[in-house]
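Hi,

Here is the structure I promised to send over. Have a look at it first, and then read on for my notes.

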Amino acid sequence: MYSLIIQTRAISSAGSEHLPYKQGVTGSNPVSPTEKPPSIGGFFNYLIEQYITMDIHRTKHWEKVYETKAPNQVSWTQEYPKTSFEIIQSFDLPKTVRIIDVGGGDSKLVDCLLDAGYENITVLDISEKALLRVQYRLGEKASKVNWIVSDIIKFKPETSFDIWHDRAAFHFLTEEDEISQYLALASSCVKGYLSIGTFSKLGPVKCSGLNILQYSKEELISAFSSGFNFLDSKTEDHTTPFGTTQNFLFCSFKKNRIIF
Ligand SMILES: C[S@@+](CC[C@H](N)C(=O)[O-])C[C@H]1O[C@@H](n2cnc3c(N)ncnc32)[C@H](O)[C@@H]1O
């Protein structure tokens, strides 16, 4: 598997080739979340360190998940990501468009997109292990995909995207400032369409043991309203590998082209 990782190259939309890389690399010397803030002079640094600590915890959580659990041991696994794939196809764009799957994990959406002939796919996830798993599954085909290991709120895109897809990653952002950063990023780098899937108000309140934010259709539309026009919505009962159901809400949007 290791040699495959080394061999797997991603081709950026600019045409340059590079190995899977990390963005938003966390800093050193984090403080415990329970530690008392230092003096007022150091308060700003303390806030930064708390932020870094949160990022480390999040990364560790997801790396552990993908290290210890098989796809049939996590609730979100889909043999065929039908709804996501159908939404992307409904945008009716050429196969050359730039697509990003945010928090793609080891989803088979990338397999479907490659099989359908999409040529410019990026999969981003906070977990390197998740992406390595997909690269291993795809074999040679992995070299046709851009792989990005990054916390989405630290992501500094080098290109814009025509389609932004996110199933069950956005809803892990529970802090106002993180949600704002996600929305600002999506608004700035999406030039076409956006598809977001979250747990609905009828869905679970946690995912992978972490708190999530459930969304109603109105809340999701409102969250993305400053950058996007609402297109369509759909709820879906996802059957988990354990036979339980989780109610998802998917909303799709088109970039609002009004520039202020
Ligand atoms: C519930 S899983 C969903 C995976 C995939 N989208 C699917 O539908 O099968 C959530 C995924 O989001 C990733 N993730 C969570 N928080 C993230 C963040 N802040 N930035 C990037 N990826 C994140 C996790 O590593 C995980 O792969």
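What percentage of the 260 residues of the protein chain count as buried? The answer is 33%, where buried takes 20 or more other C-beta atoms within 10 Å of a residue's own, exposed means 12 or fewer, and partly exposed is in between, with C-beta atoms placed from the backbone.

Before the details, a word on the source. This is a predicted model, so to speak of a local feature I needed pLDDT of at least 70, and side-chain atom pairs count only at pLDDT 80 or more, while totals for chains, interfaces and linings use all residues. Residues are numbered from 1 along each chain as its sequence is written.

The overall picture

The protein chain has seven helices and twelve strands. These are DSSP runs numbered from the N terminus, helices being H or I with at least four residues and strands being E with at least two. Take the contacts between residues at least 6 apart in sequence: 70% of them join residues at least 24 apart. A contact here has the two C-beta atoms, placed from the backbone, within 7 Å.

Around the ligand

The ligand is surrounded by 20 residues, and the closest are Trp 62, Gly 103, Gly 105, Ser 107 and Ile 152. The shell is made up of ten nonpolar, six polar and four charged residues.

Strand 6 (residues 145-149) has five of its five residues buried, so it is largely enclosed by the rest of the structure. Val 145, Trp 147 and Val 149 point one way, while Asn 146 and Ile 148 point the other way. In a regular strand the side chains alternate between the two faces of the sheet.

Strand 5 (residues 120-125) runs parallel to strand 6, and five bridges join them; strands count as paired once DSSP finds at least two bridges between them. One of the partners is Val 149 in strand 6, which bridges to Asp 125. Together with helix 5 (residues 128-138), the two strands make a right-handed β-α-β unit. Right-handed means that, with the strands pointing away from you, the path from the first strand over the helix to the second runs clockwise. Helix 5 buries Ala 130, Leu 131, Leu 132, Val 134 and Gln 135, and just after the helix Gly 139 has a positive phi of about 60°.

Helix 3 and its cover

Ser 84, Ile 87 and Ile 88 are buried in helix 3. They cover an arc of only 95° around the axis, so they sit on the same side of helix 3; the arc is taken from the directions from the helix axis to the C-beta atoms. What lies over these buried residues includes strand 4 (98-102), helix 4 (109-115), strand 7, strand 8 (190-199) and strand 12 (245-255).

Ile 87 is worth a click. It has 24 other C-beta atoms within 10 Å and is therefore buried. Beyond its neighbours within four places in sequence, Ile 87 contacts Ser 195, Phe 250 and Ser 252. The C-alpha atoms of Ile 87 and Cys 251 are 9.2 Å apart, though 164 residues separate them along the chain. Helix 3 is followed by Asp 92, with a positive phi near 55°.

The hairpin

Strand 11 (residues 228-239) and strand 12 run antiparallel and are joined by eleven bridges. Within that pair, Thr 235 stands opposite Leu 249 of strand 12. The two strands form a hairpin with five residues between them, and Gly 243 in the turn has a positive phi of about 90°.

A few loop residues

Ala 168 is not a glycine, yet has a positive phi of about 65°. It lies in the loop between strand 7 (161-167) and helix 6 (176-189) and is buried because it has 22 C-beta neighbours inside 10 Å. Ser 208, also not a glycine, has a positive phi of about 55°. Its loop runs between strand 9 (206-207) and strand 10 (210-211), and with 15 other C-beta atoms within 10 Å, Ser 208 is partly exposed.

Conventions. Near = placed C-beta within 6 Å. Nonpolar A, V, L, I, M, F, W, Y, C, P; charged D, E, K, R; others polar.
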